[in-house]
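User: I would like to go through this structure term by term and hear what each label rests on.
Analyst: Then let us set each value beside its definition.

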Amino acid sequence: MAFGLYGAFLTFHLIIQSFFAFLEHKRMRRDSLSCSYTKSVALTISAYQEDPAYLRECLQSVKSTLYPPEKLRIIMVVDGNSNEDRYMMDMFQEVFAGEDVGTFIWENNYHHQPQLDMEIGDGGYQTGDEPSHYTEIDMEDPGQLVVEELIRTKRCVCIMQKWGGKREVMYTAFKALGNSVDYVCDSDTKLEPEATVELVKVLESNERYGAVGGDVRILNLSDSYISFMSSLRYWMAFNIERACQSYFNCVSCISGPLGLYRNDLLQQFLESWYNQKFLGTHCTFGDDRHLTNRMLSIGYATKYTARSRCYSETPSLFLRWLAQQTRWTKSYFREWLYNALWWHRHHLWMTYESVVSGIFPFFVTATVLRLFYGGNLWDVLWVLLCVQLVACVKALYACWLRSNPVMLFMSLYAVLYMGGLLPAKYFAILTMNKSSWGTSGRKKMVGNYMPLLPVSIWGLLLLGGLIYTIYQEALADWTTEAKQAEILYLLAGLAIYLGYWTFMVMLYWVWIRKCCRKRMDFYSLEV
């Protein structure tokens, strides 16, 4: 009964959501927005132990951006200033050779400034003070002045600074820019040439638009099952969910890979954005979602456009993907609480969608556990069949919306959600005050196995429920007419479920793993 209601409500929600997303896409195609090319734009790149191949693609795509060079600045800030980080600055200099380039290795950052030792009697104390023998006072960092001068005068700048996390490197770019540009574009991905100008068009079209995000696609979709499924999930997230939110002018997250902000507004809440705390801990992740929330909190609209597109690398290994999803979930629930303060300032849809998406994982968890521990094998099989049926409905709907049969494989995402993402949500909630980048740099393998803990616990809970149900069924009388009929249902349901997965896995292996990899050997993605 519960899964029947769940399926009916989810179908209704998807239809309504897709309808408004369709209207927003129709509006994008209908409205021929123009660009004045008079607004100055700073494109900022945050780098941390990046994969050299992906970083080069990112920088080369930025160099090919179709926007007046005299109105476009390119700023890359590297989170780290050791010798092993130097390759990123060298690559920046190589790609932008011949441009107006400035580089600097900063020993500190904005929030780790040098200090000066002072002895007693140096004049640093007032009468009545009781200082220790030595103390320290802050002094102005000459490196900071160099950074600000470079970023405000040079067109292409690369700064290496003391490690401080992603929000620290973003802050450096934003703070050093000050009010010297009109718009700030945050991106660390491979951009299409028209990506920047399409974002500018949206902000120029309405003064009440404070920020706009673009369509993020996956660059390494053929690497693994994980990256391929992520590519399908990204399409759904941006072209249905965010497109629907954009129709109501309340996109909940201007995604980090591609977003443009009005700089004068951003500067107003820059310090409060950086100094965000949750449960007494300084927040270092969820920077893009909190930037969006800050923009919404001052009453400005946030938009999405599918005309602006970029290609981002996504984890291809399960552990790294799980760590990424855990980090994103932490910021989602934290920002959900902050976002609730501003529901009254925006369209009712923002409230409705926030409530639905916030309650959804808890409802699914409770329903699954209740059925697994219900002592009836058919209930367990019914859970699996219902989850897959809902996933198939969504996949078929996505096929129709995108006019691409590859979206049929979206039905396979259900196993990732139920087996990995769902338990990771609870781990994220319990560790929300733990701050870090969340995933390692793209150049290194993940060494943190903690995200596997909730997956293991979830698996044991389901296994325990299955064993309990089998034990209960073993005690039942299977000679009755009802039980004999149930055997037929069990065999039919199991055959359908296993048959479906066998067919889809074979189709994936032949179509995606074989055919697409062959194409990738002969063709490269041009943007």
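**Labels and their grounds**

User: Why is Arg217 called buried?
Analyst: Arg217 has a relative accessible area of 17%, and buried means under 20%, with exposed meaning over 50% and partly exposed lying in between, for a 1.4 Å probe and protein chains only; Arg217 is therefore buried. The model is a predicted one, in which local features need pLDDT of at least 70 and side-chain atom pairs count only at pLDDT 80 or more, whereas totals for chains, interfaces and linings use all residues. Residues are numbered from 1 along each chain as its sequence is written, and side-chain values use heavy atoms, with hydrogens and water left out.

User: Which residues are in contact with Arg217, leaving aside its neighbours within four places in sequence?
Analyst: Contact means heavy atoms within 4.5 Å, and with those neighbours left aside Arg217 is in contact with Trp235, Asn239, Arg309, Cys310, Tyr311, Ser312 and Arg402. Arg217 itself lies in strand E9, where strands are DSSP runs of at least two residues (E) and helices are runs of at least four (H or I), numbered from the N terminus.

User: What makes strand E9 and strand E10 a pair?
Analyst: Two strands pair if DSSP finds at least two bridges between them; strand E9 (residues 209-218) and strand E10 (residues 259-262) have 3 bridges, in the antiparallel sense, and Gly213 stands opposite Gly259 in E10. Both strands belong to an open sheet of 9 strands with mixed pairing, in the order E3-E6-E2-E1-E7-E10-E9-E13-E8.

User: What makes strand E3 and strand E8 edge strands?
Analyst: Strand E3 (101-105) and strand E8 (190-191) each pair on one side only.

User: How do you know that H5 packs on the sheet?
Analyst: H5 touches E1, E2, E6 and strand E7 (183-186), and its direction makes about 145° with that of E2; such angles run from 0 to 180 degrees between N-to-C directions, with axes as lines fitted to C-alpha atoms, for helices over the stretch in contact.

User: What is meant by the largest nonpolar core, and which members touch the most others?
Analyst: A nonpolar core is a set of buried Ala, Val, Leu, Ile, Met, Phe, Trp, Tyr and Cys residues joined through side-chain atoms within 4.5 Å. The largest has 89 residues, of which Leu59, Met76, Leu260 and Trp273 touch the most other members, and its largest share, 7 residues, comes from helix H5 (residues 166-177). A second, separate core of 44 residues includes Val387, Ala398, Phe409 and Met504.
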